Amino acid sequence: MELTLWTYEGPPHVGAMRIAASMEGVHYVLHAPQGDTYADLLFTMIERRNKRPPVTYTSFQARDLGGDTADLVKRSITDAVERFQPQALLVGESCTAELIQDQPGTLAQGMGFKLPIVNLELPAYSKKENWGAAETFYQLCRTLLKGQIPAPGSAKPSPQRWRAEGRRPRLNLLGPSLLGFRCRDDVLEVKRLLEELNIDSHVVAPLGASPADLQRIPEADANLCLYPELAESTCAWLERQFGMATVRTVPIGIGAIQEFRQELCDLLGLEPPPAPPERLRMPWYSQSVDSTYLTGKRVFIFADGTHAIAAARIASQELGFEVVGLGSYSREQARAVRAAAQQLGLEALITDNYLEVEQAMAAAAPELVLGTQMERHSAKRLGIPCAVISAPLHVQDVPARHAPQMGWEGANAIFDSWVHPLMMGLEEHLLDMFRHDFEFVEGHMSHKGAGSTSNISGNIPSNTASNTIASTAVNKSPAAAPNSEGCRWTTSGEAELARIPFFVRGKVKRNTEAFAQEKGLSEITDEILYEAKAHFSR
Amino acid sequence: MSVSLTSAAGSSAGTAIDPKPIQENGQREVFCGLTSIVWLHRRMPDAFFLVVGSRTCAHLIQSAAGVMIFAEPRFGTAILGERDLAGLADANEELDRVVQELLARRPEIRTLFLVGSCPSEVIKLDLAKAAERLNRQHRGHVQVVSYSGSGIETAFTQGEDNALTALVPLLPSSAEKQLLLVGTLADGVEDRFLTLFERLGIDPVSSLPPRRSTELPSVGPATQVLLCQPFLGTTARALKARGAQLLSSPYPLGVEGSCRWFERAAEAFGIDPAHTRSVLDPLAERGRAAVAPHRRVLEGKKLFLLPDSQMELALGRFLQRECGMELVEIGTPYLDRQLQAEELALLPAGTQLSEGQHLEKQLERVRAAKPDLVVCGMGLANPLEAEGIATKWSIELVFSPIHGCDQAGDLAELFARPLRRRQALNFASSQPGNL
C-alpha cells in the first residue's frame with residue numbers, strides 16, 4: 001500500500017486507451033465499473049478530441065457481482081463489434097475487473113469473431129500507464145503481424161535493400177500517441193527531416209494508423225523509435241522477429257538531430273546529410289548577445305525519460321545552462337536517465353513521488369524548471385519560472401499552433417518556450433529595480449501575481465515543511481527573520497538582501513545563512529551578506 | 001410570465017401524470033462517488049479523505065479535480081499493491097501504517113474519512129472495522145469514519161450521501177427545536193441562507209456537513225431537516241431514524257424552488273405567512289429580473305439532460321418553468337421517488353424521464369431529438385459539440401454557487417452562455433467566395 005496524492009501516470013488500461021484512441025479502426029472493450037469512464041475526458045478535454053475514445057465499458061455494478069458478469073462482458077463485446085465494426089478489437093479489464101477474474105480477453109477469443117482480437121493482460125496493481133501503452137502497442141503489432149514472421153534462420157533484410165529495389169528508402173515512425181507530449185507536431189517535423197534526406201515516411205503508428213497500416217510495418221527498411229516509453233518493446237520485437245533495424249536516437253535538440261541524421265545515413269547507406277536548413281534559427285538565437293544572460297542559468301529537469309534526457313543535453317550544451325537537477329518518473333527509462341545525469345556530474349532522481357521532486361527542486365534552487373504539469377505547479381509554489389516539456393499534460397500543452405519538440409522547428413520552439421519564462425523573470429527583476437521610482441504605478445501587475453515584487457525573503461521557502469491547511473496552495477514565503485537555522489537578519493542585512501534580484505535571492509539567502517551558521521554568528525548584517533558572497537564566489 | 005409561489009402546488013402537485021421513466025442498463029458515463037471528495041474536502045478544511053483503492057482511483061480524482069492547485073491536498077489514495085491483495089491481514093496492517101504516517105505528517109487533521117473503492121469492496125477489506133481499530137489507536141486526536149464511494153455502489157453525488165450518512169451516528173442528540181440544513185453548499189451561499197433564515201425568524205439553524213468536522217450539529221425529534229441537495233436519500237433516512245422530521249420541498253434551485261424551500265421551513269416553524277412573503281417577495285422579484293435576460297435566450301429551446309448528479313430533475317424544472325425551455329428527456333443515474341416527489345409534481349405531464357443509462361442508446365435519442373442544449377459530463381461535451389449540438393458541462397453545477405434566489409440569474413446564465421457563444425461566433429467570410 002502506497003500513499004499517493006498526485007500521480008504522474010494513470011493505470012495501465014489508460015495506456016491501452018491511448019493506443020486505441022490514437023488509431024483508426026480499433027475498438028477497446030474494457031471490463032470496468034461505473035466511474036472508470038472518467039478516462040474519456042482525458043481525450044475529449046485535455047486533447048480536445050472531437051470524438052469519444054473508441055472504448056466500450058461494461059459498467060458493472062455491485063448487484064451484477066452476484067450474478068453473471070461474464071455474460072455482461074460477452075454482451076458488451078457483441079454490441080461493440082456490431083455497432084463499431086472495428087478492424088481489430090482490444091479486450092481487457094481495469095483494476096477492479098482484474099480482481100473478479102472474468103478473463104474477458106479469453107471470453108472474446110472464444111466468441112467466434114472473424115476479426116483479430118487482442119487479449120490485454122495489464123496488471124493494474126504493479127504497472128502504470130506508459131507500460132500499459134507500450135504493452136498494448138506491442139501486443140497489437142504481434143497479433144496483426146503473426147502471419148508475416150519470417151521462418152527462423154531467414155536472412156535479415158538489409159536496411160540498404162531499397163537501392164536494389166529501385167526505390168527511396170522508407171522508415172516507420174513508431175511511438176507517437178495521444179496524450180504524449182507534442183506528438184502531433186513531432187510527426188510532421190520528423191517527416192520533414194526524412195524528406196530532406198530523400199527518405200519516405202512509411203507507417204506512422206500508433207497515431208493515425210489503422211490495423212492494416214500496422215500490417216505494412218515490415219515493408220519498411222528500419223524503424224524509428226521516437227518515444228522509447230511507448231515503442232521500445234515493439235521495436236525490439238521487430239528487430240528480433242523481422243530483423244528490422246531500430247534507430248534509437250531521438251531527434252530533439254540540434255546535436256541529437258545531427259546524430260539522428262548521421263545514424264540514418266550510415267544505416268541506409270546514404271550520402272552525408274546536407275547542412276541544416278535556414279529555417280533553423282536556434283543556434284544563432286543562442287549565440288546572439290541577447291542570450292548572454294542565459295549563461296550558467298541553473299535549470300532543474302524532471303520529465304519522462306525521453307524528454308528529460310533530451311532537455312539535459314539541450315540545456316547544458318545548446319543553451320549554456322547549468323543543469324542542477326535531472327530526474328524522471330519513468331522507471332523503465334531509469335538507466336538512460338542515470339547515465340545522462342552522470343555525464344553532468346549529477347545523481348538522477350528516479351521517483352514517482354512529486355513531493356520528493358518538489359523537495360529536490362527547492363534544494364537545488366534553480367532559476368528555471370523544465371518539467372511536467374506537476375513540476376509547473378511545484379515551481380509556481382516556489383516562485384520559479386517553468387516550462388512544460390513532457391506529459392502528464394494539461395489542456396494548455398496541446399496548443400492550436402504548430403509547436404513541435406523534434407526536428408529543426410522543434411529546436412526553434414524549444415528556444416522560445418524555455419527562454420520566455422526567464423525573460424519574464426528578468427522583467428520581474430526590472431519591476432523590482434524600478435518600483436521605487438515615482439513613475440512606478442502601484443499595483444503594476446507582476447507575472448507571478450500580487451506580492452512577489454515586494455517579497456523580501458525570496459520565494460524559496462525554508463525547508464521546514466509548511467503543512468498548514470489549504471494555505472500551502474498559496475505562494476507563501478517565510479518571514480525573513482528569524483530563520484530556521486537560528487540566526488537573525490538585522491535591518492541592514494534585510495535591506496541588502498532586498499536589493500538582490502529576486503531570482504537569486506533565495507540562493508543568496510540560503511548561502512548566507514549557511515555561512516553565518518558555519519561561523520557561529522547569531523545575526524546577519526549587510527556586511528555578513530557580502531562576506532558570504534565573497535566566500536561562495538571563491 | 002411571473003411564476004407564482006403558490007399556484008404551482010395547487011394546480012399540478014399530485015395531479016401530474018407520473019412519468020414512466022425509461023430504465024436502462026449499459027455503459028454509464030457517470031463519475032463514481034469518489035468524485036464527491038472534490039467538494040467535500042473543501043467544505044471541511046480539518047478533514048482528510050483517504051481513498052483505499054487503486055491507481056485508477058487516484059487518477060480519477062486528479063482528473064476530475066482538474067488542476068493540481070494544492071501541494072498537499074487533503075485527499076489522497078492508499079494505493080493497493082499486489083501484496084495487499086494477497087492477504088487481507090497484511091492489507092489491514094499496511095492501512096494502519098499509511099494512516100499513521102499520514103497523521104504524523106498532517107497533525108492538523110481532526111477527522112479522517114476512510115473511503116471505500118471498487119477494489120477495496122471486491123476484496124472485502126472491511127473499512128468500518130478498520131475505522132474502529134484506528135479510532136482506538138488515535139483516540140483524542142482524530143476521529144476516523146468510513147464510507148463507500150465505490151463505482152460499483154455509488155454514482156457521483158451519492159458519495160456525499162454516503163459520507164454524510166457515516167457522520168449521522170456521531171451527531172449528538174438534542175431535543176431542541178432546530179432547523180438542520182443537509183448537503184454541501186458554497187460557503188457564501190450558506191451565509192446568505194443563514195441571514196435569510198434569521199430574517200424569517202428561524203433559529204437555531206445548523207448545517208451538515210459543518211464547516212469544521214469536529215463541530216457536528218445535533219439531531220433529535222424536534223429537528224426539522226431541510227435538504228439542500230436532492231441526492232441525499234440515505235442521509236435523510238438515517239436522520240429520520242434519529243427522530244428528525246424531513247421537510248419535503250422542491251430544492252432551492254431557481255426562484256420558485258428557493259422560495260418554496262424557505263416557505264416550507266417557515267411553515268414548519270410556524271412563521272406568519274405574511275412575514276414570510278415580506279421577506280421572500282423582494283428576493284423573488286429580483287431573482288426573476290436577473291433570470292429574464294437569460295430566459296430570452298433559453299425560451300422555446302429544447303433541452304436534453306444526461307444522467308450525472310441527480311440534480312437533473314430540479315434543473316429541468318427550473319429551466320422549463322422559469323426559463324421557458326422545452327424538456328426532451330431528463331436522465332438521472334438514480335430516481336429516488338420519495339426525495340424527488342415535489343420536483344416530479346412540478347414537471348409538465350408526460351415529461352420523459354430516464355433512470356440508469358445505456359449510453360449509446362441515449363445518444364441515439366439525443367441525435368434523433370436534435371436538442372438545442374445537452375447537459376452532460378466532460379467526456380461527452382466536445383464530441384457532441386463536434387456533432388453540432390450545444391452542451392453545458394454538468395460538473396460546473398456541483399462546483400458553482402447556484403442555490404437560492406440570488407443565484408437564479410447566474411444559474412440561468414450557465415445554460416444561456418453556450419447558446420450565446422454560438423450566436424457570437426462567426427467564421428464566414430464577409431465577402432462571399434473568398435475562401
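**Strand partners and the chain contact**

Reply: Ready. In this predicted model, Ala303(A) has its place opposite Ser328(A) in S11(A).

Me: In which sense do S10(A) and S11(A) pair, and over how many bridges?

Reply: S10(A) spans residues 298–303 and S11(A) spans residues 322–328. Six bridges link the two strands, and their sense is parallel.

Me: Which hand does the β-α-β unit of S10(A), H14(A) and S11(A) have?

Reply: Helix H14(A), residues 305–318, forms the unit together with S10(A) and S11(A). The unit is right-handed.

Me: How many of the six residues of S10(A) are buried?

Reply: Buried here takes 20 or more other C-beta atoms within 10 Å. S10(A) is mostly covered. Its count of buried residues is five.

Me: Which element gives the largest share of the side of chain B that touches chain A?

Reply: On chain B, 58 residues are in contact with 52 residues of chain A. Elements giving two or more residues to that side of chain B include H3(B), S3(B) and H5(B). The largest share is eight residues, and it comes from H3(B).

Me: What is the bridge partner of Glu2(A) in S3(B)?

Reply: S1(A), residues 2–4, and S3(B) run antiparallel, joined by three bridges. Glu2(A) has as its bridge partner Ile79(B).

Note on methods: Residues numbered from 1 in each chain as written. Chains lettered and ligands numbered in written order. Predicted model: local features only at pLDDT ≥ 70, side-chain atom pairs only at ≥ 80, totals over all residues. Contact = placed C-beta atoms within 7 Å. Helix = DSSP H or I, 4+ residues; strand = E, 2+ residues; numbered from the N terminus. Pairing = 2+ DSSP bridges. Buried ≥ 20, exposed ≤ 12 C-beta atoms within 10 Å, placed from the backbone. Right-handed = clockwise from strand over helix to strand, strands pointing away.
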